[in-house]
Amino acid sequence: MSKQPPQSLADHLNPFIAPFRHDGSGEFHLRSHKTNAKGGLDKDKAEKIIEANRKRLSDSQEKLYAQDRWSILLIFQGMDAAGKDSAIKSVFDGVNPQGCEVHSFKQPSPLELNHDFMWRCMIALPQRGRIGIFNRSYYEECLVTRVHPEFLAKENLPPALVTKNIWRERFEDISAIERYLARNGVIILKFFLNISKQEQRARFLDRLDQPAKNWKFSMADITERAWWSRYQAVYQDIVRHTSTSQAPWHVVPADHKWFARVVIGSTIVSALENLHLRFPRADKASLAEFREVRKALEQEGKGKANNRARAKKASGAKAAK
């Protein structure tokens, strides 16, 4: 009886990635994606996967940094209390911080408003060999500004450019830039943390009940909650129009934080695995140089050992007198 071939890491992780990935090849309806999915896991099993993914991510990040060819851009979007901050903290726990940069994009400053809507994110893109994490991103300029047109007015665009086509044009611009980045070695993974309105309510109440979490609460969150349906419709439009094979969206069930972390960690690890990263190999000239350096270091060690032996011998002879 023939043995089954061992399951690859990609095959092992795929059940936690494929159901939530949208690359624009089919229709997308946000209401079809459950916010409370668990992927057939319980919390204990999920924690084991999360921990294994942390180790894999740490190993791959070191190779990514050493190889210095690819960079990773991770985009996190979601309603308030969807778990973006905690997901980033959990997934990257133990990863060398020198190889990662987190940027949180909040309300634009006057300087940022005097530039194009992509500018503040473009200057924060990760270098080769690095992982860049955007906690919110340029997608806010197709989201908040669409729900609240008064914010769009603050961008000081020429009136002739603010037409009914502006959102379609921004989607086109974003997709073009993401395609350009992909062609320059940037792996783009986008995560929409899909939380239910009921779970958001529970998390808001938790923030109010626990003094250590009070700082997270803002009345603005409640104001935005009143626009829930509008935000959901806009998010659906964003995923529909900006999902591509080069920059797919992952609609992550976020009611259970532990399962969201399984999906996010598995997606990142799988993408890095597909790059076939390895530590750079030295060329023949470097290897020959290394051999010479080794000889010199070993000879230096022998010299120090001989000096210590002579000093010990001299000390013994002096004591005998």
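Select Cys121. Cys121 is buried, at a relative accessible area of 1%. Keep in mind that this is a predicted model.

Cys121 takes part in no disulfide. The nearest cysteine sulfur belongs to Cys142, and it lies 11 Å away.

Now select Cys100. Is Cys100 buried or exposed? Cys100 counts as buried, because its relative accessibility is 17%, and the cut-off for buried is under 20%. In general, a disulfide joins the sulfur atoms of two cysteines covalently. Across the structure, the disulfide count is zero.

**The nonpolar core**

Next, select Leu74, Phe92 and Ile268. These three touch the most other members of the largest nonpolar core, which has 74 residues. Which helix gives this core its largest share? Helix α12, residues 257-273, supplies ten residues. Nonpolar side chains tend to be buried together in soluble globular proteins.

Zoom in on Ile268. Beyond its neighbours within four places in sequence, Ile268 contacts Leu57, Leu74, Val91, Phe92, Leu189 and Phe191.

**Two packed helices**

Show α2 (43-67) together with α12 (257-273). Packed helices are described by the angle and the distance between their axes. Here the angle is about 30°, and the axes are 9 Å apart. That makes α2 roughly parallel to α12. The crossing is left-handed.

Colour the residues where they meet. On the α2 side, pick among others Ile49, Ile50, Leu57 and Leu64. On the α12 side, include Trp258, Val262, Ile268 and Leu272.

**Helix α3 and its surroundings**

Move to helix α3, residues 84-91. Its buried residues are Lys84, Ala87, Ile88, Ser90 and Val91. What do they pack against? Their partners are the helices α2 and α12, along with the strands β2 (71-78), β3 (100-104), β4 (131-135) and β5 (186-194).

Pick Ser90, which sits in α3. At 9% relative accessibility, Ser90 is buried. Leaving out residues up to four places away in sequence, Ser90 touches Ile50, Arg54 and Arg261.

Arg54 belongs to helix α2. Is Arg54 buried or exposed? Arg54 counts as buried, with a relative accessibility of 15%. Apart from neighbours within four places in sequence, Arg54 contacts Ser90, Val91 and Asp93.

Finish in the loops. Most residues other than glycine have a negative phi.

Select Ala81, in the loop between β2 and α3. Its phi is near 70°, a positive value in a residue other than glycine. Ala81 counts as buried, at 8% relative accessibility.

Last stop: Asn156. Where is Asn156? Asn156 lies in the loop between α7 (149-153) and α8 (166-182). Phi is positive for Asn156 as well, near 55°. Ala81 is buried, whereas Asn156 counts as exposed, at 57% relative accessibility.

Key. Residues are numbered from 1 along each chain as its sequence is written. This is a predicted model: local features need pLDDT of at least 70, side-chain atom pairs count only at pLDDT 80 or more; totals for chains, interfaces and linings use all residues. Side-chain values use heavy atoms; hydrogens and water are left out. A nonpolar core is a set of buried Ala, Val, Leu, Ile, Met, Phe, Trp, Tyr and Cys residues joined through side-chain atoms within 4.5 Å. Buried means under 20% relative accessible area, exposed over 50%, partly exposed in between (1.4 Å probe, protein chains only). Helices (H or I, at least four residues) and strands (E, at least two) are DSSP runs, numbered from the N terminus. Contact means heavy atoms within 4.5 Å. A disulfide is a pair of cysteine sulfur atoms within 2.5 Å. Axes are lines fitted to C-alpha atoms, for helices over the stretch in contact, and angles run from 0 to 180 degrees between N-to-C directions. Angles under 35 degrees count as roughly parallel, over 145 as roughly antiparallel, 65 to 115 as roughly perpendicular and the rest as oblique. A crossing is left-handed if the near helix is turned anticlockwise from the far one by less than a right angle, and right-handed if clockwise.
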